[in-house]
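Student: Please take a close look at a single residue and what it touches. Then go on to the cores, pockets and ring pairs in one connected account.

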Amino acid sequence: EDAAHQARFDARIDADGRIEPRDWMPAAYRKTLVRQISQHAHSEIVGMLPEGNWISRAPSLKRKAILLAKVQDEGGHGLYLYSAAETLGTSRAEMLDGLHSGRAKYSSIFNYPTLSWADVGVIGWLVDGAAIMNQIPLCRCSYGPYARAMVRVCKEESFHQRQGYESLLVQMQGTQAQRDMVQDAVNRYWWKCLAMFGPPDADSPHSGQAMRWGIKRFSNDDLRQKFVDATVPQARVLGVTLPDPDLKWNEARGQHDYGAIDWDEFWQVVNGHGPMNRERLATRVKAHEDGAWVREAAAAHAVKQAQRNLK
Ligand code: FAQ
């Protein structure tokens with residue numbers, strides 16, 4: 001019987017159809033999705049922290065309102081993504097335990113500090129820019145709930161990207177000190193953003209199978225290349241330099257060549273040894289513990305409501 005299920009699943013995937021929560025699916029497909037979607041959710045939730053650091057110091061009411069909205073959106077993205085992952089039969093408590101115990105990953109980029117106000121703009125421009133490049137193809141992911149969640153997430157991410165870029169454009173029209181601050185933020189974030197796309201294809205254990213299953217539609221290196229090609233003209237308009245002496249247009253390939261990424265540093269950060277890993281996790285664990293009474297109260301309220309409905 002499993003063979004018949006498998007054949008039906010394969011046919012659906014080959015026809016570029018969608019798999020829904022109640023459909024039969026191979027255990028490894030389910031496991032891959034729980035891993036990727038929950039790590040994506042964790043990234044959104046931990047990703048609130050670097051920018052959250054600047055909410056109380058935003059330079060104007062307008063910038064503060066925009067930043068508050070953006071950080072709230074990230075919280076919302078995390079919540080839809082946990083819901084999408086729950087449809088695969090893993091509870092939110094289990095997923096959160098994975099994050100809090102350090103078993104589950106979240107994006108490497110959020111383990112770096114936000115040292116100046118320009119970092120907030122650069123996160124919008126480059127980090128959200130990289131996130132969009134990676135997430136637009138996920139709107140066509142073979143797993144229905146993840147694909148549908150991505151549609152709304154991508155719309156919000158494009159607002160995030162634009163607000164960051166616009167904030168940087170304004171800063172670049174300011175004083176020399178402001179322009180230097182933007183350039184410094186770009187210098188610190190550029191290479192980390194290239195690493196967000198994951199290891200080179202040859203060192204990416206999950207890519208082959210995820211692409212055959214229609215979860216990933218492009219490889220890590222292909223998305224990284226698209227991001228470089230899209231960002232170079234934006235940097236020119238902004239008036240900043242991307243900190244890579246090897247970055248240049250390659251006429252023959254019709255793409256930019258770029259320098260070598262420091263993968264040792266990437267793995268150090270992914271494995272818990274980046275500049276902010278300990279602080280980020282400690283902040284999340286504390287928030288979870290401080291919120292225990294809210295979860296208990298909500299559960300007690302639900303029990304009371306259910307009893308009332310029985311009467
Ligand atoms: N950081 O075989 P692959 C955002 C891990 S955007 C940490 O290539 P895969 C929005 C990978 O998990 C950021 N770990 O894996 C926002 C795997 O480890 P495992 C989040 C990384 O899954 C913006 C191992 O390396 N976006 O949050 C990273 O096929 C601004 C081998 O790698 C998503 O999660 C990394 N950068 O490809 C919020 C998008 N890269 O699980 C706030 C969905 C790789 O075996 C502010 N995810 N690893 O222990 C994906 O598209 C994929 O999971 C990839 C990795 C492309 C990230």
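**H160 and its surroundings**

Tutor: Leaving aside neighbours within four places in sequence, H160 is in contact (heavy atoms within 4.5 Å) with K70, D73, E74, H77, G124 and D128. The model is predicted, so local features need pLDDT of at least 70 and side-chain atom pairs count only at pLDDT 80 or more, while totals for chains, interfaces and linings use all residues. Residues are numbered from 1 along each chain as its sequence is written, and side-chain values use heavy atoms, with hydrogens and water left out.

H160 is part of helix 7 (helices are DSSP runs of H or I, at least four residues, numbered from the N terminus). Its relative accessible area is 0%, so H160 counts as buried (under 20%, with exposed over 50% and partly exposed in between, for a 1.4 Å probe and protein chains only).

Next, the nonpolar cores (buried Ala, Val, Leu, Ile, Met, Phe, Trp, Tyr and Cys joined through side-chain atoms within 4.5 Å). The largest has 68 residues, and those with the most contacts inside it are Y29, L33, I37, W125, Y143 and Y146. Of these, I37 touches L81, A84, A85, L88, Y143 and Y146, residues up to four places away in sequence not being counted. Another core, of seven residues, lies apart from it and includes W54, L67, V71 and W117.

Pockets come next (open sets of points on a 1 Å grid over the protein atoms alone where a 1.4 Å probe fits, with protein on both sides within 12 Å along at least five of seven lines; lining residues have an atom within 4 Å of a point). Helix 6 gives the most, with seven residues. By class, the lining of the largest pocket has 20 nonpolar, 14 polar and ten charged residues (Ala, Val, Leu, Ile, Met, Phe, Trp, Tyr, Cys and Pro count as nonpolar, Asp, Glu, Lys and Arg as charged, the others as polar).

The second largest pocket holds about 300 Å³ of space. Its lining has 14 residues, with I45, L79, L96, R284 and H288 nearest the centre. Helix 4, helix 5 (92-100) and helix 12 (277-290) each supply at least two of the lining residues, and helix 5 gives the most, with four. The classes here are seven nonpolar, four polar and three charged.

Last, the rings. The whole structure has nine aromatic pairs (Phe, Tyr or six-membered Trp rings with centres within 6.5 Å; planes under 30 degrees apart are stacked, over 60 edge-to-face, the rest tilted). One of them joins F9 and W24 edge-to-face, at 6.2 Å centre to centre and 80 degrees between the planes. F9 lies in helix 1 (residues 2-14) and W24 in the loop between helix 1 and helix 2, so this pair ties together parts 15 residues apart in sequence. F9 is buried, at 3% relative accessible area, whereas W24 is partly exposed, at 28%. The rings of F9 and Y29 have centres 5.0 Å apart and planes at 75 degrees, so that pair is edge-to-face. It links helix 1 with helix 2 across 20 residues. Y29 is buried, at 0% relative accessibility. F9, W24, Y29 and W213 form one aromatic cluster.

Methods. Grid points are joined across faces, edges and corners, and a volume is the space filled by probe spheres set on the points.
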